[in-house]
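Please open the model in your viewer and keep the selection panel at hand.

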Amino acid sequence: MKFKPANNIQDLQYFGEFGGVNPSISDSSTYTFLSAKTMFDTFEGNADGCYLYSRHTSPSNLYLGEALAAMEGTETATITASGMGAITAVLLQLCNAGDHIVSSRTIYGGTYAFLKNFTPKLNINTSFVDITKLDIVEAAITEHTKVLYCESVSNPLLEVADIKGLAALAKKHNLKLIVDNTFSPLSISPKALGADVVIHSLTKFINGSSDTVGGVICGTQAFIDNLRNVNDGAAMLLGSTMDSLRSASVLKNLRTLHLRIQQHSNNALYLANKFKKDGLKTVYPGLNSHPSHDLFQNMMNQKYGFGGMLTIDVGSLDKANALMELMQERNLGYLAVSLGFYKTLFSAPGSSTSSEIPEDEQETMGLTDGLIRFSIGLDADIERTYTMMNACMRELNILKPELI
Ligand code: PLP
């Protein structure tokens, strides 16, 4: 039977202390014990259902974690204070000094910077590869490799990872496959395709209101227990825990994710088709012209579409900046990083979210100066949005003359 992520969220029932339809918020950093023995057992990790201290976990984080584990089809999950808090904890939990990681070369700039500049200080080194070529991925694996790392749909180039193929490689070489699914919640379910650990930046589509940062790690009970271990758990010891108040608000937003993703996807597909017809270099996994369109289609949970992210290349950074400024002036969206908001957000990744990647490497991976990354909003009237965007492009001579 096809995996139904939104049903899994819908079917969860949590009630508040006094029968409230939302669970009560655990507004406490520490918890009392009736006996000293239970406190000791909890430190040893043997007192299920007991809470100790909120950096470890809290009831509010547990509710949100269980909902996201249900969405991703994993045994459980742990909530972190940011997406980077999730990514860094997972990688540092799985890798020791001397270990090696094979990572996609097109990943979020912060993750790239962590792997390129930070983990080498701990003697953990990374080979960055074209994740769409399984033979190249396999060739990069060494006897020291512990982890294969990718984004299901990559930031910002929207390359699509063949999760089944990568999972087979991971199995063959005894590696863990870690997938950051931030760009494609509900549309792609990496665990069902063979991933070991699924990560999200909750900051983006899942929370959807651009009012907080947050992250989640979805995995097996044993792995999440390891991350929370008081003696050597990276989530526990590095301290990137989300506060209960925020966790409760993210849980409430999660309940409309299925509707929002459908609208983001429908709007993005509409604009991508129009932009392409206008002769713009447009990348969107829902277009037949995307090199991994069929792969995405084979992996996806059909009803959520191809996601809300698309890119266009307008030829130069000056043109990209002029277009973004004009679109913002006309209230078509905001010149802002991040994604998953109700308004369209646009930025030029080469000089913003991917600026951690050196220019020569940006060039090798095809990250050009004129690239604009769009996170398409929930616009009720996408036809009007398109007409107004098209007018901006015509005013700035971005469209080819014969199309004007
Ligand atoms: N993963 C992806 C794909 C991202 O785009 C981002 C942020 O832009 C992150 C992870 C990091 O998340 P956060 O900003 O919540 O730490």
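Select V230 to begin: this residue sits in the loop between helix 8 (221-228) and helix 9, where helices are DSSP runs of H or I with at least four residues, numbered from the N terminus. This is a predicted model, in which local features need pLDDT of at least 70 and side-chain atom pairs count only at pLDDT 80 or more, while totals for chains, interfaces and linings use all residues. Residues are numbered from 1 along each chain as its sequence is written, and side-chain values use heavy atoms, with hydrogens and water left out.

Neighbours within four places in sequence aside, V230 is in contact (heavy atoms within 4.5 Å) with F43, H56, M236 and L237.

Next, select T241, which is found in the loop between helix 9 (234-238) and helix 10 (244-254). T241 counts as buried because its relative accessibility is 19%, the limit for buried being under 20% relative accessible area with a 1.4 Å probe and protein chains only. Show R55 as well, and you will find its backbone oxygen at 2.8 Å from the side chain of T241.

Finally, turn to the ligand, which 14 residues surround, the closest being M84, D180, S201, T203 and K204; here a residue counts if one of its heavy atoms lies within 4 Å. Helix 4 (residues 83-94) supplies the largest share of this shell, 3 residues. For K204, display the polar side-chain atom that lies 2.6 Å from an oxygen atom of the ligand.

Key
Helix = DSSP H or I, 4+ residues; strand = E, 2+ residues; numbered from the N terminus. Buried < 20%, exposed > 50% of the residue type's maximum accessible area, 1.4 Å probe, protein only. Polar contact = N/O pair within 3.5 Å; in protein donor to acceptor, adjacent residues only side chain to side chain.
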